[in-house]
Amino acid sequence: MAEETYPSRRKARKHAVEVLYSAEARGDAPEDILRETADRLEWRRHPWFAFAHELVTGVADSRDEVDELIASSSEHWSLERMPRTDLAILRVGAWELEHGTAPSGVVISEAVHLANELSTDRSGAFIHGVLARIAAQKA
């Protein structure tokens with residue numbers, strides 16, 4: 001992977017999580033939030049925008065499937081009990097594990113990085129465990 005691609009994909013994942021979080025909090029369609037935010041902040045001019053768009057629309061189009069993967073892989077935690085930030089990170093990671101091209105270790109590592117940056121001290125371990133179970137089901 002080219003050196004400039006790595007930071008771009010990391011930014012895309014972060015912005016996808018932010019859009020999905022906002023959509024969940026506001027009760028709006030993720031695609032609408034993405035379009036609104038992209039226009040306001042001129043995201044379309046950035047190299048990471050295409051991947052962020054793919055992640056947001058992929059999660060939105062497969063939300064039932066993604067949520068079922070998360071629910072079946074998270075012991076003792078319903079989706080309703082999960083912090084919205086963690087759920088947004090899990091949705092991006094689960095979708096990417098199922099439909100993306102990055103190796104599962106990269107997807108999990110990036111999700112944990114986002115959890116450490118955006119959520120609680122315990123979120124990284126929780127997200128790692130859920131995504132590792134999803135990846136193991138695929139293997």
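Is E42 buried, partly exposed or exposed? E42 counts as partly exposed, at 48% relative accessibility. Here buried means under 20% relative accessible area, exposed means over 50%, and partly exposed lies in between (1.4 Å probe, protein chains only).

The structure is a predicted model, in which local features need pLDDT of at least 70, side-chain atom pairs count only at pLDDT 80 or more, and totals for chains, interfaces and linings use all residues. Residues are numbered from 1 along each chain as its sequence is written, and side-chain values use heavy atoms, with hydrogens and water left out.

E42 sits in the loop between α2 and α3. Helices are DSSP runs (H or I, at least four residues), numbered from the N terminus. E42 is not a glycine, yet its phi is positive, at about 55 degrees. Most residues other than glycine have a negative phi. H76 also has a positive phi, of about 65 degrees, without being a glycine. The loop between α4 and α5 holds H76. With 72% relative accessibility, H76 counts as exposed.

The largest nonpolar core has 42 residues. Such a core is a set of buried Ala, Val, Leu, Ile, Met, Phe, Trp, Tyr and Cys residues joined through side-chain atoms within 4.5 Å. W43, I70, I89, L90, I127, L131 and I134 have the most contacts inside this core. Two or more residues come from each of α1, α2 (30-41), α3 (49-61), α4 (63-73), α5, α6 and α7 (123-138). The largest share, eight residues, is from α5. Contact means heavy atoms within 4.5 Å. Neighbours within four places in sequence aside, I134 is in contact with L69, I70, S73, A94, L97 and E98.

One cavity of 30 Å³ or more was counted. A cavity is a set of points, on a 1 Å grid over the protein atoms alone, where a 1.4 Å probe fits but cannot get out; lining residues have an atom within 4 Å of a point. Grid points are joined across faces, edges and corners, and the volume is the space filled by probe spheres set on the points. The largest cavity holds about 40 Å³ of space. Its lining consists of R13, V17, I89, V92, G93, E96, V107, A111 and L114. At least two lining residues come from each of α1 (5-26), α5 (84-99) and α6 (104-118). The most, four residues, come from α5. The lining has six nonpolar, one polar and two charged residues. In this division, Ala, Val, Leu, Ile, Met, Phe, Trp, Tyr, Cys and Pro are nonpolar, Asp, Glu, Lys and Arg are charged, and the others, Gly among them, are polar.

The whole structure contains 14 salt bridges. A salt bridge places a side-chain nitrogen of Lys or Arg within 4 Å of a carboxyl oxygen of Asp or Glu. One of them joins R10 and E110 (2.8 Å, N to O). R10 lies in helix α1 and E110 in helix α6, 100 residues apart. R10 is partly exposed, at 23% relative accessible area, whereas E110 is buried, at 2%. R10, R13, E96 and E110 form a linked network of salt bridges.

E117 and K14 form another salt bridge (2.6 Å, N to O). E117 belongs to helix α6 and K14 to helix α1, so this pair ties together parts 103 residues apart in sequence. E117 is partly exposed at 41% relative accessibility, and K14 is partly exposed at 24%.

Definitions and conventions:
On a 1 Å grid over the protein atoms alone, a cavity is a set of points where a 1.4 Å probe fits but cannot get out, and a pocket is an open set with protein on both sides within 12 Å along at least five of seven lines; lining residues have an atom within 4 Å of a point.
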